[in-house]
Amino acid sequence: QSTMAGACCNQILCLTCVPTGSIGVVYRCNQAVGTRGDGPSCICFPFETIGPVDIRIQQLNVDTDTKTVDNVTCKVVTAIQFQVDAEKAIDAVTKLNNAPVQMSAYVDDVVRSTLPTMTLDQAYGAKDQMANAIKTSLSESMAPFGYHIVKALVTDLKPDQKVLEAMNEINAQRRLREAAKEKAEAEKDIMIKQSEAEAEAKYLSGVGVARMRKAISEGFAESIESLKTGGLSGQEVVHMMLVTQYMDTLRAGMDNPKGATLIVPHGPSTLDMEAQVRQGFIAAKQMERGIFS
C-alpha cells in the first residue's frame, strides 16, 4: 500500500513557474494556504494550484464630478498609485473582490467632502491638500486588505468650458485694467517731466535774456563814454548808435539763410537815417518845450 501511494504521489507532482514581479498564492482544494516567490515551484496537482498576484506598482485613474462652494461644477482627475503587499497577498485575493472599484469609491468620498468647502480659486491652490487627504484615507482603508498606497495625485481640475472662458475673460480684463493704469501713470510722469523741463528752460531763457540785456546796456554805456571821450556830444552819440543798430539789423536779416524776405522802405526820403533820427529828437524836444512852457 505504501508503494502504491508513493507511485501515485510521483505521478501528480508538477512543476510550475511564478512570473517575475508577482507572488504565487498556493491553493489546496481551493483554499489559500500559503505563498510562493517568483520562479519555479512544485505543486501536487490537481489538489494544489498556484495563482499569480501582481505585486508591481499599478495606477488607477479616477474621475470625480463635484462642485465648489461657489456652485461651479467641475471634474477632479485623480491618479492612485498602489501595489499589493507581498506579505498580505492572501488577504488581497481573499478579502477583496474588486480593489479598483473600492478605491474609486473612497476617492469620490474624499473629493466630494473636501472640494465643496472651497471656492474654485482655492481648489486650484489646494491640490496637494486634497491629494494628501485621499492618500491618508485610502491607506487606512486598504491596508487591512493587503494593499499599499504609494502615492495619490490630483492631476487635473476641469471646470465647465463656459466657466473657463469666463475666468479667462475676467483675468484678461483685470490685466487690461492694470495695463491702462500703468500707462496712465507713465503718461503722467512724462507730462510732469516735460512741464518741469519747460519751466526750467523758460527760467534759463529769462536768465539769459536778462544777462544779454545787461551786457547790451553795459556795452552801450561803454560806447557812449568812448565816443564822448572822442569829442562827440551825448546827442550825437545817440544818433550814431541808432543808425548803426539800424544798419546792423538790416545786415543780420540779409545774412540769415533761413530768414524770410524783408521789404523795408528805403527811398530818397529815408536815405539820411541820421537826419531822420536827429529830426525826431528835435521834434520831441520842441513838443516837450511847448507842453511845459
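How far apart do the end C-alpha atoms of residues 163-196 lie? The distance is 49 Å. That span is 100% helix and 0% strand. Please keep in mind that this is a predicted model.

Why pick that stretch? The UniProt entry, which is unreviewed, annotates residues 163-196 as a "coiled-coil region". So much for the record. Now the surface.

Arg174 sits in helix H6, which covers residues 161-229. Its relative accessibility is 36%, so Arg174 counts as partly exposed.

Next, negative charge. Here the surface patch is made by Glu178, Glu182, Glu185 and Asp189. Glu182 is also one to look at. Glu182 lies in helix H6. Is Glu182 buried or exposed? Glu182 is exposed, because its relative accessible area is 57%, and the cut-off for exposed is over 50%.

Met212, Ile216 and Phe220 make a nonpolar patch on the surface. Together they have about 260 Å² of accessible area. Met212 is found in helix H6. At 46% relative accessibility, Met212 counts as partly exposed.

Now to the salt bridges. How many does a search of the whole structure find? The search finds four. I will go through some of them.

One joins Glu48 and Arg28. Their closest N and O atoms are 2.6 Å apart. Glu48 belongs to strand S5, residues 48-54, and Arg28 to strand S2, residues 22-28, so this pair ties together parts that are 20 residues apart in sequence. Now look at each partner. Glu48 has a relative accessible area of 8%, so Glu48 is buried. Buried means under 20%. Arg28 has 41%, so Arg28 is partly exposed.

Another links Arg56 with Asp54. The closest N and O atoms are 3.0 Å apart in this salt bridge. Arg56 is exposed, at 51% relative accessible area. Asp54 is partly exposed, at 25%.

One more to show. The side chains of Asp156 and Lys158 meet in a salt bridge, at 4.0 Å from N to O. Asp156 is partly exposed, with 28% relative accessibility. Lys158 is partly exposed too, with a relative accessible area of 42%.

To recap: residues 163-196 are 100% helix. Arg174, Glu182 and Met212 are in helix H6.

Methods:
Residues are numbered from 1 along each chain as its sequence is written. This is a predicted model: local features need pLDDT of at least 70, side-chain atom pairs count only at pLDDT 80 or more; totals for chains, interfaces and linings use all residues. Side-chain values use heavy atoms; hydrogens and water are left out. Helices (H or I, at least four residues) and strands (E, at least two) are DSSP runs, numbered from the N terminus. Buried means under 20% relative accessible area, exposed over 50%, partly exposed in between (1.4 Å probe, protein chains only). UniProt positions are given in the numbering used here, feature names are shortened, and annotations may be inferred rather than shown by experiment. Patches are made of residues with over 30% relative accessible area and no salt bridge: like charges are joined within 9 Å, nonpolar side chains (Val, Leu, Ile, Met, Phe, Trp, Tyr) within 5 Å. Accessible areas come from the Shrake-Rupley method with a 1.4 Å probe; for residues, only the protein chains shown count as cover. Lys and Arg count as positive and Asp and Glu as negative; His and the chain ends are not counted. The place of a charge is taken as NZ of Lys, CZ of Arg, CG of Asp or CD of Glu.
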